[in-house]
Amino acid sequence: QVQLQESGGGLVQAGGSLRLSCATSGRAFSSYAMGWFRQAPGKEREFVAAISWSGFSTYYADSVKGRFTISRDNAKNTVYLQMNSLKPEDTAVYYCAAQLYSGSIRPADTHPKVYNYWGQGTQVTVSS
């Protein structure tokens, strides 16, 4: 079992930055690939970024590529999402997710269904 808890959300002006954290508890964090997803009101949950167990393999949605960076610290059982140059369309609830997988990130890892564990989410609001 893995428990996930996001933090770091808030209200920021367009062009600003936020860093989200996802602290995990449970065993063998380093065996899990991690992902960040987001869901805006009235929209489906969408993929943002994913990172392999080692941190060497990452993948981003086109909408955030070059602005967001996913990283992890296996010693701290934490995954991060650094968000720069934020836009109003980035406003959403952001969720972290985990799946037991020890390979490189695949296209399939952009789909919510492959993730076994989810956090409660943290709200990010970007004002124009």
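**From the whole chain to single pairs**

Mentor: Of the 128 residues in the chain, 43% are buried. Please keep in mind that this is a predicted model.

Trainee: What radius of gyration does the chain have, and what would a compact globule have?

Mentor: The C-alpha trace spans about 40 × 25 × 25 Å along its principal axes. For 128 residues, a compact globule would have a radius of gyration near 14 Å. The value for the chain agrees with this, at 13 Å.

Trainee: Among contacts with a separation of 6 or more, what share comes from residues 24 or more positions apart?

Mentor: This share concerns pairs of residues that lie apart along the sequence and yet are in contact, with heavy atoms within 4.5 Å. Residues 24 or more positions apart account for 60% of the contacts in question.

Trainee: Which strands pair with β3, and in which sense?

Mentor: Strand β3 covers residues 18-26 and pairs with β1, residues 2-7, over six bridges. One example is L4, whose bridge partner in β3 is T24. β3 also pairs over six bridges with β8, residues 78-83, where V79 stands opposite C22.

Trainee: Which residue forms a disulfide with C22?

Mentor: The structure holds one disulfide. The pair links distant parts of the chain, with C22 in strand β3 and its partner in strand β9, 74 residues apart. The two sulfur atoms are 1.9 Å apart, within the 2.5 Å limit, and the partner of C22 is C96.

Trainee: Is this disulfide right-handed or left-handed?

Mentor: The handedness follows from the torsion about the S-S bond of C22 and C96. That torsion is about 50°, so the disulfide is right-handed.

Trainee: Are C22 and C96 buried or exposed?

Mentor: A residue counts as buried when its relative accessible area is under 20%. C22 has 0% relative accessibility, and C96 likewise has a relative accessible area of 0%. Because both values fall under the cut-off, C22 and C96 are buried.

Trainee: What is the N to O distance in the salt bridge of E46 and R38, and how accessible is each residue?

Mentor: At 35% relative accessibility, E46 counts as partly exposed. R38 has a relative accessible area of 6% and is buried. Their side chains meet in a salt bridge with an N to O distance of 2.6 Å.

Trainee: Where does the salt bridge of D90 and R67 sit in the chain, and what is its N to O distance?

Mentor: The side chains of D90 and R67 meet at an N to O distance of 2.8 Å. The pair links distant parts of the chain, 23 residues apart. Both residues are buried. D90 lies in the loop between β8 and β9, and R67 in the loop between β6 and β7.

Trainee: Which residues are linked in a network of salt bridges?

Mentor: The count comes to five salt bridges. One of them joins D62 and K65, at 3.1 Å from N to O; D62 is exposed, at 66% relative accessibility. The network itself links R38, E46, R67 and D90.

Key
Residues are numbered from 1 along each chain as its sequence is written. This is a predicted model: local features need pLDDT of at least 70, side-chain atom pairs count only at pLDDT 80 or more; totals for chains, interfaces and linings use all residues. Side-chain values use heavy atoms; hydrogens and water are left out. Two strands pair if DSSP finds at least two bridges between them. Helices (H or I, at least four residues) and strands (E, at least two) are DSSP runs, numbered from the N terminus. A salt bridge is a side-chain nitrogen of Lys or Arg within 4 Å of a carboxyl oxygen of Asp or Glu. Buried means under 20% relative accessible area, exposed over 50%, partly exposed in between (1.4 Å probe, protein chains only). The radius of gyration is taken over C-alpha atoms; the globule rule is 2.2 Å times the number of residues to the power 0.38.
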